[in-house]
Amino acid sequence: MARLLLGKAVADAIDEKTIVKVEELKAKGIQPTLAILRVGEREDDLSYERGATKRCEKTGVAVKNVVLPLDVSQEVLMQTIEDLNKDNGVHGVLMFRPLPKTLDEKAACQALDPAKDVDGITSGSMASIYAGSGKGFAPCTAQAVIEMLKYYEVEMSGKKAAVIGRSLVIGKPVSMLLMNENATVTVCHSRTKDMPSIVKDADIVVAALGRAEMITANYFNPGQAVVDVGINWSQEKNRLVGDVAFDEVESIVDSISPVPRGVGSVTTAVLISHVVEAALQA
């Protein structure tokens, strides 16, 4: 059976470093603070908010919850973002997406101060990732993939990586982060021809397609490391599953992250670490 790439150990290791930095900031009279901006009451947003709040409590980071109604106007949303930008007591802002279709999400993302963009949603943050400048913050889930591979000592430099999915949230940024680690990256998507043969040829596979258990055994070979970013509800199994058919693939590959108990906890740990880094840079 494959080695399981479990998220808890990775998240705990990140938290340990974060706690030390929080104590340093508090000694200087600075309370690192995350503002969580949420529109409406989507259950997945609420779940992530609970997880982030719990990790903030563990690490000593304060949380400011800003909740707007589902029918909020663009004007009020933009003013709320501007107020958070000007609030010197807020070091990082997490804005849940997708926003309701009545709102201009792109405009809202670009309105956020890049210095407080702890989840890599502004164009400035993306440009920093693509430039490999080390400035700004990567999207937390994309960064979490890299943190997991590093923690479990999966060699990236010189290795072939296949990223399945090309979204701005995960697929594209994680591809750039892998290239910054000197991996050779192929991005697969809905128009990719003979995707199984491309994925089979990779040393590292990152699944970020958003379709329950679509990536089956015929995509894999022995020796591969697989990070499954997908979080999907399976009606058939009545539980959360990833994009990879775990039960089929676990016996083939060298290592794989399960869903749940994989990338999720690392994502929140990365988020909080970004808030603390933003406070240090403020």
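Let me start with two helices, α1 and α6, which in this predicted model are roughly perpendicular to each other, because angles of 65 to 115 degrees count as such and theirs is about 100°. Helix α1 covers residues 7–27 and helix α6 covers residues 140–151, and where they pack their axes are 10 Å apart. On the α1 side the contact is made by Gly 7, Ala 9, Val 10, Ala 13 and Ile 14, while α6 contributes Glu 147, Met 148 and Tyr 151. If you sort the residues of this contact by class, you find 6 nonpolar, 1 polar and 1 charged.

Staying with α6, I would like to turn to its other partner in this talk, helix α10, which runs over residues 263–281. The axes of α6 and α10 come within 8 Å and cross at roughly 110°, which makes this pair roughly perpendicular as well. From α6, the residues that take part are Cys 140, Thr 141, Gln 143, Ala 144, Glu 147 and Met 148, and they meet Val 263, Val 266, Thr 267, Val 270, Leu 271 and His 274 of α10. By class, the contact of α6 with α10 has 7 nonpolar, 4 polar and 1 charged residues. Please note that Glu 147 and Met 148 are listed both in the contact with α1 and in the contact with α10.

Leaving aside residues up to four places away in sequence, Ala 138 touches Val 118, Asp 119, Gly 120, Ile 129, Gln 143, Leu 177 and His 274. Gln 224, by contrast, is 86 residues away from Ala 138 along the chain, and the C-alpha atoms of the two are separated by 25 Å.

Finally, the chain as a whole, which has 10 helices and 11 strands. For 282 residues, a compact globule would have a radius of gyration near 19 Å, and the chain, at 19 Å, agrees with that. Of those 282 residues, 50% count as buried, and among contacts with a separation of 6 or more, 71% are between residues 24 or more positions apart. The chain exposes about 13,300 Å², of which carbon and sulfur atoms supply 51%.

Terms used. Residues numbered from 1 in each chain as written. Predicted model: local features only at pLDDT ≥ 70, side-chain atom pairs only at ≥ 80, totals over all residues. Heavy atoms only, no water. Axes fitted to C-alpha atoms, helices over the stretch in contact; angles between N-to-C directions. Helix = DSSP H or I, 4+ residues; strand = E, 2+ residues; numbered from the N terminus. Parallel < 35°, antiparallel > 145°, perpendicular 65-115°, else oblique. Contact = heavy atoms within 4.5 Å. Nonpolar A, V, L, I, M, F, W, Y, C, P; charged D, E, K, R; others polar. Rg over C-alpha atoms; globule rule 2.2 N^0.38 Å. Buried < 20%, exposed > 50% of the residue type's maximum accessible area, 1.4 Å probe, protein only. Areas by Shrake-Rupley, 256 points an atom, 1.4 Å probe, with all protein chains shown as cover.
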